[in-house]
Amino acid sequence: MDSVKMREKSARNKISQKIVYILLSAALPVAVMLLRPFGMDWSQTLTVSLLLLVIIWWCTGIVGKTLSSCVLIIGFLCFSGAEVKTVFSFPLSSTFLLIVLTYLFSRGVANSGLAERYLEPLLTKVAGTPLKAVLLGALMLAATIYAIPQPLARLIIISGIVKGYLDKTDADSDVKAVVIFGVFVMYIFVNMLTMKADIILNTTSAAVAGVEMTDGGWIKYMALPSLVYTAVIVLLFAVVFKKEMKGRKLILSTEEKEKSPASSRDIVVLLIVAATVVLWLTESLHGIPSWAVTLCSIVLMYAAGVLRLTDLKAIDVPMLIFLTAAMCIGGVMSENGTAELIFSRLRVLIGSGSTNYTVLAMVLITVCMHMLLGSNTTTVSVVIPSIIYMCEGMLPSAVIMFVVYVASAAQWLFPFHSVGLMMGTSMNYFSSKHVLKFGIPLTLLLLTAIFGLYLPWWRLIGALS
């Protein structure tokens with residue numbers, strides 16, 4: 001009886017503690033509502049206050065991510081003045097459908113055992129240490145850029161392959177989490193190499209900047225400095241996670257069994273996957289959208305028995321709700337004038353100083369907005385056109401675009417600052433502690449990378465005077 005009372009008392013204490021935390025989290029948003037900075041009208045004030053409240057919840061976990069995302073969506077619908085289609089821009093896009101279908105396609109690939117049969121042997125032979133596993137994951141991501149143009153599909157498939165291999169080794173949970181996190185980190189930096197590496201973020205960046213950018217042009221601006229930057233990141237990763245990486249070996253916990261000959265179903269599934277990759281790769285020629293190709297592949301996988309109805313649970317609904325909330329922030333803030341209002345006040349930070357001073361101000365503004373907005377796509381959508389407006393005639397639009405892009409994509413503190421990292425934590429591959437532990441030194445390194453790598457390279461190729 002006493003134990004029951006103690007549990008009830010503990011439960012009441014936890015509820016009371018949570019209520020206190022929620023009230024404390026509302027302090028800053030309430031202050032914004034009372035002060036109404038920058039002369040905001042009420043819809044703008046409520047938009048910013050609600051956004052600050054939900055971001056605090058996202059960062060602290062005081063309120064569950066799904067519930068807090070729903071609060072943001074409903075609040076935007078009720079108070080922001082933005083149209084419904086703006087708030088639901090993500091679920092109304094083909095990208096949303098493609099991501100949903102990618103979950104199922106990836107589950108089908110996992111169920112088929114193709115990764116185990118054809119790619120894990122490579123990991124077994126080469127990835128004998130955690131660092132080698134991370135590097136091989138990066139090479140796989142780079143090698144499949146044009147074969148699997150949908151970035152999240154590529155990440156899900158490659159990370160699944162690496163995890164499958166790690167699960168067969170004697171690596172403990174801490175080592176597994178760090179290696180998988182390393183693959184997700186490499187995904188972000190590999191995606192900086194070419195425009196096609198991230199057809200969502202990279203294409204959006206060029207579009208909102210109003211810059212005509214081909215894949216070859218992107219490679220000219222970004223490939224070499226980004227390769228050097230990635231090498232530095234690998235060294236930083238090895239130092240930050242030295243405890244989990246240094247001196248560790250990945251040894252298969254069981255002897256490798258001799259692979260049985262491929263069955264007729266294996267061959268059918270392999271053909272389905274190969275045809276899907278070819279159609280993804282040649283989308284510009286035949287015009288069939290990637291989501292339609294993926295849907296047909298899923299139907300064929302169901303017909304082949306590789307997928308079952310129970311595999312529908314592979315679709316990460318909480319993640320999709322979060323993305324719906326995160327992706328609408330920029331559109332809502334732009335539509336009700338909040339973004340323009342804030343950036344018009346920040347223009348004084350740019351001034352008419354030297355190029356280095358201007359770039360420094362751009363980086364600081366981008367990092368601050370990234371901390372607030374979260375999503376990379378949201379950040380570049382809001383910040384790039386605003387910075388171009390503030391720096392008109394001072395720097396080429398392409399340079400502004402790439403500075404904002406690097407400052408957004410290569411910097412984070414929490415999982416919600418990157419869709420890829422958010423997906424990894426949602427899958428329980430690694431925790432937000434890993435993200436923060438590496439994100440702090442990474443953020444400090446950002447200015448060195450921009451001023452020591454990117455700006456000198458752009459001057460060398462004549463893109464910047």
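This is a predicted model: local features need pLDDT of at least 70, side-chain atom pairs count only at pLDDT 80 or more; totals for chains, interfaces and linings use all residues.
**View 1. Asn 336 sits in the loop between helix 18 and helix 19.** Helix 18 covers residues 317–335, and helix 19 picks up at 338–350. With a relative accessibility of 12%, Asn 336 counts as buried, because the cut-off for that label is under 20%. Look for its side chain beside Ser 80: a polar atom of the Asn 336 side chain lies 3.3 Å from the backbone oxygen of Ser 80. Leaving aside residues up to four places away in sequence, Asn 336 touches Ser 43, Gln 44, Thr 47 and Ser 80.

**View 2. Helix 22 meets helix 24 in a right-handed crossing.** Here residues 397–409 form helix 22 and residues 432–460 form helix 24; their axes come within 11 Å and cross at roughly 150 degrees. Angles over 145 degrees count as roughly antiparallel, so that is how these two helices are described. From helix 22, Val 399, Phe 402, Val 403, Val 406 and Ala 407 take part, and they meet Leu 446, Ile 450, Tyr 454 and Trp 458 of helix 24. By residue class, this contact has 9 nonpolar residues, no polar ones and no charged ones.

**View 3. Thr 425 belongs to helix 23, which spans residues 419–426.** Thr 425 counts as buried, at 15% relative accessibility. A polar atom of the Thr 425 side chain lies 2.9 Å from the backbone oxygen of Met 422. If you set aside residues up to four places away in sequence, the residues that Thr 425 touches are Pro 415, Phe 430, Ser 431, Ser 432 and Val 435.

Terms used:
Residues are numbered from 1 along each chain as its sequence is written. Side-chain values use heavy atoms; hydrogens and water are left out. Helices (H or I, at least four residues) and strands (E, at least two) are DSSP runs, numbered from the N terminus. Buried means under 20% relative accessible area, exposed over 50%, partly exposed in between (1.4 Å probe, protein chains only). A polar contact is a pair of N or O atoms within 3.5 Å; within protein, one must be able to donate a hydrogen and the other to accept it, and residues adjacent in sequence count only if both atoms are side-chain atoms. Contact means heavy atoms within 4.5 Å. Axes are lines fitted to C-alpha atoms, for helices over the stretch in contact, and angles run from 0 to 180 degrees between N-to-C directions. Angles under 35 degrees count as roughly parallel, over 145 as roughly antiparallel, 65 to 115 as roughly perpendicular and the rest as oblique. A crossing is left-handed if the near helix is turned anticlockwise from the far one by less than a right angle, and right-handed if clockwise. Ala, Val, Leu, Ile, Met, Phe, Trp, Tyr, Cys and Pro count as nonpolar, Asp, Glu, Lys and Arg as charged, and the others, Gly among them, as polar.
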